[in-house]
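Open the model in your viewer and keep the selection tool at hand. This tour goes stop by stop, saying what to select and what is there.

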Amino acid sequence: MHHADPQLLKKLLPFLNILETGGYYLETGTDMNRFSARLMGRERHVYPGFRRVYEPENPGIYGAIFNHRDELACCMAWRCFETPDLIREIESFLPRYADHDDTMPRWTTDLAGLLQLSGTVGYRGGLNSMDQGNFISWFMTSIAMVWLDHAGVDFQAGEARDEMISNGRFRTMSGYGNANPLGTVFIRKHGHEEALNLVWSTAKQIKEQIDSRLSILADCYPQNFETAVATLQALK
């Protein structure tokens, strides 16, 4: 990992150690061009908000999980930023969104003027899993949540497809177990219009999610990847 903070590493170890028993390892970095190129090479969608062209001064951090053959299994990205009002920031951000054009719907929310989320935001997105069935995305979202929680953000936000927030079990698996609705943003993905739900969680809600995930791993016996996958499959 490019981040050498020993306290962060200590918090991540329960997830990293289990991944290692399955032959997986984590890579992190700030070279978002490299992050994007890997995904485009696999014809995978790249979340526009993490392309360097969008915000060159704060491109964020990518996390990538590889298997023992050094093949990309899962990845996502996140960044921290200060805002006096996240909803207003999204409204000004959308016209510059790389996969949005004027023929598409504007982003919609029922919360404008009713909710003001201000402070330090940990924003995550671009989750891509190439290793279906092994719950690698569960580990990836766990790592992102722990990383941003360690950074001391006031709340975490991101985008999710309908299936990630509509089903209780799937919500927990995908990292949106207690997410609050914010609105809907429209992007163009593979030539088709797609609606993404904007969601957010307080720092307290995220800590509860992290504790729940750590408890799942702690209850695994033996402490290895195979047992963890079987446990997650039973919980899904």
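Start with two helices. Select helix H1, residues 6-21, and helix H4, residues 136-150. Their axes come within 9 Å and cross at roughly 175°. Angles over 145 degrees count as roughly antiparallel, so H1 is roughly antiparallel to H4. Now show the side chains of the contact. On H1, pick Gln7, Leu8, Lys11, Leu12, Phe15, Leu16, Ile18 and Leu19. On H4, pick Ile136, Trp138, Phe139, Ser142, Ile143, Val146, Trp147 and His150. Colour these residues by type: 12 are nonpolar, 3 are polar and 1 is charged. This model is a predicted one.

**The whole chain**

Zoom out. The protein chain holds 8 helices and 7 strands. It has 236 residues, and 50% of them count as buried. The accessible area of the chain is about 11,200 Å². Carbon and sulfur atoms account for 50% of that area.

Go back to H4 and select phenylalanine 135. This residue sits in the loop between S4 and H4. Its phi is positive, about 60°, although phenylalanine 135 is not a glycine. Is phenylalanine 135 buried or exposed? Phenylalanine 135 counts as buried because its relative accessibility is 11%, and the cut-off for buried is under 20%.

Select aspartate 70. You will find it in the loop between strand S2 (61-66) and strand S3 (72-83). Aspartate 70 has a relative accessible area of 51%, so it counts as exposed.

Select cysteine 74 and cysteine 75, and show their sulfur atoms. A disulfide needs the two sulfurs within 2.5 Å. Seen from cysteine 75, the closest cysteine sulfur is the one in cysteine 74, again too far for a bond. The count of disulfides comes to 0. Both cysteines are buried: cysteine 74 has 0% relative accessibility, and cysteine 75 has a relative accessible area of 2%.

**Far in sequence**

Select arginine 106 and valine 185. They are 79 residues apart along the chain, yet their C-alpha atoms are separated by 7.2 Å. Arginine 106 lies in the loop between helix H3 (86-93) and strand S4 (119-129). With 44% relative accessibility, arginine 106 counts as partly exposed.

**Into helix H7**

Select helix H7, residues 203-218, and pick out glutamine 205 within it. What does glutamine 205 contact, leaving aside its neighbours within four places in sequence? Its partners are Asn178, Asn180 and Trp200. Glutamine 205 counts as buried, at 18% relative accessibility.

**Last stop: a cis bond**

Select tyrosine 221 and proline 222. The peptide bond that joins them is cis, with omega about -5°. Proline 222 belongs to the loop between H7 and helix H8, residues 225-235.

How values were computed. Residues numbered from 1 in each chain as written. Predicted model: local features only at pLDDT ≥ 70, side-chain atom pairs only at ≥ 80, totals over all residues. Heavy atoms only, no water. Helix = DSSP H or I, 4+ residues; strand = E, 2+ residues; numbered from the N terminus. Buried < 20%, exposed > 50% of the residue type's maximum accessible area, 1.4 Å probe, protein only. Contact = heavy atoms within 4.5 Å. Areas by Shrake-Rupley, 256 points an atom, 1.4 Å probe, with all protein chains shown as cover. Axes fitted to C-alpha atoms, helices over the stretch in contact; angles between N-to-C directions. Parallel < 35°, antiparallel > 145°, perpendicular 65-115°, else oblique. Nonpolar A, V, L, I, M, F, W, Y, C, P; charged D, E, K, R; others polar.
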